[in-house]
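Student: I would like to go through the terms used for this model and check each one against its cut-off. Please show me the structure before we start.

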Amino acid sequence: MSDRVWIIAEAGVNHNGSIDRALQLVDVAADAGADVIKFQTFKAEKIATARAAKAEYQIVNTGQADSQLAMLRSLELSVDDHRRLAERCRARDIAFMSTAFDAESLALLSAFDMPAIKIPSGDITCADLLLRAARLHRRLIVSTGMATLGEIEQALGVIAFGLMSDQAPTGRADFEMAYLSDAGRAALQDKVSLLHCVTEYPAPPDAVNLRAMDTMAAAFGLPVGYSDHTLGIEISLAAVARGAKVIEKHFTLDRSLPGPDHLASLEPAELGQLVSGIRNIERALGSALKGPVPAELRNRTVARRSLVAARPVRKGERFTADMITAKRPGDGLSPMEAWSLIGRVASRDFDTDEQLEQ
């Protein structure tokens, strides 16, 4: 995996069911410089029953306590909408992605040239969807909101099995064997990235636990990123500084629009600031080598000091500590040599502030 952070501008369902708004979101993400814009693809009836209630944040953010099914129906995009979005992405030179929430939608998306398949946090235990996604043999990005390490391991077992076999699994033991095998681990390392995530919109900073990225990286040996649901951009920037390889961030045309995710999304100018900030951090992280860089060398003489006489010194005097001080510029004897001068005899006269010699 490249050291360049992959920035996914998450449009999600912030189009509110409007293809025109979705196309505007593509333009905004491309203008911001994101690598990918991602939508969400689903058939409402495939993922929610009529009695499925909205999450509390969805009720708050939409201002309506109707069913989750009704909300999801209003946010579906058609097959033709997907084609138009992919075409706009090609025209704007930004990668198109969408998250499939059901098998039918995954089959639809498999026909598109997407750089990766995203597994949403809510489906990390949906073994059938995990298996189908793995068998597409694309890059996989697995979001882990609400999940324990054990649940992540189980999901990776299903994916490992799917990457290695076209056979029908006989049970959990097949997934465990696949996960524990060298071939399974190698397949996971080749295809899978994990995203730390907190499934709350917006997520409060004290619930984020960015150090969990370190835990997942150590536990699974896979690239780790962060799907950010907090307000603002600083937590995403901190995640990049901490080593995130992928950043996913919701954005919208207008945070005041009605809908479940607008409130926790960036507006267009903020998305641009996030992308710019991430690219600056990438450059700033540099290498682990500690030493002066070329830009510093020209400043070294100006900023550092040399040993000079603290008062007039006559030839033949022995130097004492009170006769020596250090002042700019640093083009003379280093202050590190001060103690080696003490006790020596002055070879000539020195005026105050005149540089001393060995």
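Tutor: What follows takes the terms one at a time.
The model is predicted, so local features need pLDDT of at least 70 and side-chain atom pairs count only at pLDDT 80 or more, while totals for chains, interfaces and linings use all residues. Residues are numbered from 1 along each chain as its sequence is written, and side-chain values use heavy atoms, with hydrogens and water left out.

Student: Why is Gln40 called buried?
Tutor: Buried means under 20% relative accessible area, exposed over 50%, and partly exposed in between, with a 1.4 Å probe and protein chains only. Gln40 has 15% relative accessibility, so Gln40 counts as buried.

Student: Where is Gln40, and which residues does Gln40 touch?
Tutor: Gln40 is in strand β2, residues 36–41; a strand here is a DSSP run of E of at least two residues, a helix one of H or I of at least four, both numbered from the N terminus. Contact means heavy atoms within 4.5 Å. Leaving out residues up to four places away in sequence, the contacts of Gln40 include Glu10, Ser98, Phe101 and His250.

Student: Why does Ile94 count as buried?
Tutor: Ile94 has 6% relative accessibility, so Ile94 counts as buried. Ile94 is in the loop between α5 (79–92) and β3 (95–100). Among the residues Ile94 touches, not counting those up to four places away in sequence, are Val26, Ala30, Val36 and Ile37.

Student: What makes a set of residues a nonpolar core?
Tutor: The members are buried Ala, Val, Leu, Ile, Met, Phe, Trp, Tyr and Cys residues, joined through side-chain atoms within 4.5 Å. The largest such core has 82 residues, and Ile37, Leu194 and Phe251 have the most contacts inside it. Helix α1 (residues 19–32) gives the most to this core, with 9 residues. Apart from this core lies another, of 13 residues, Ile324 and Leu333 among them.

Student: How do you know that β1 and β8 pair?
Tutor: Two strands pair if DSSP finds at least two bridges between them. Strand β1 (residues 6–12) and strand β8 (residues 246–250) have 5 bridges, in the parallel sense. In β8, Lys249 is the bridge partner of Ala9.

Student: What makes β3 and β4 edge strands?
Tutor: The open sheet has 8 strands in the order β3-β2-β1-β8-β7-β6-β5-β4, with parallel pairing. β3 and β4 (117–119) each have a single partner strand, so one side of each is left without a neighbour in the sheet. For β4, 3 bridges join this strand to β5.

Student: How do you know that both faces of β5 are covered?
Tutor: In strand β5 (residues 140–143), Leu140 and Val142 lie on one side and Ile141 and Ser143 on the other, and all are buried. In a regular strand the side chains alternate between the two faces of the sheet.

Student: Why is the unit of β4, α7 and β5 called right-handed?
Tutor: A crossover is right-handed if, with the strands pointing away from the viewer, the path from the first strand over the helix to the second runs clockwise. β4, helix α7 (residues 127–134) and β5 make a β-α-β unit of this right-handed kind.

Student: What span is expected of α1?
Tutor: The expected span is 1.5 Å times one less than the number of residues. α1 has 14 residues and reaches 20 Å from its first C-alpha to its last, close to the 20 Å expected.
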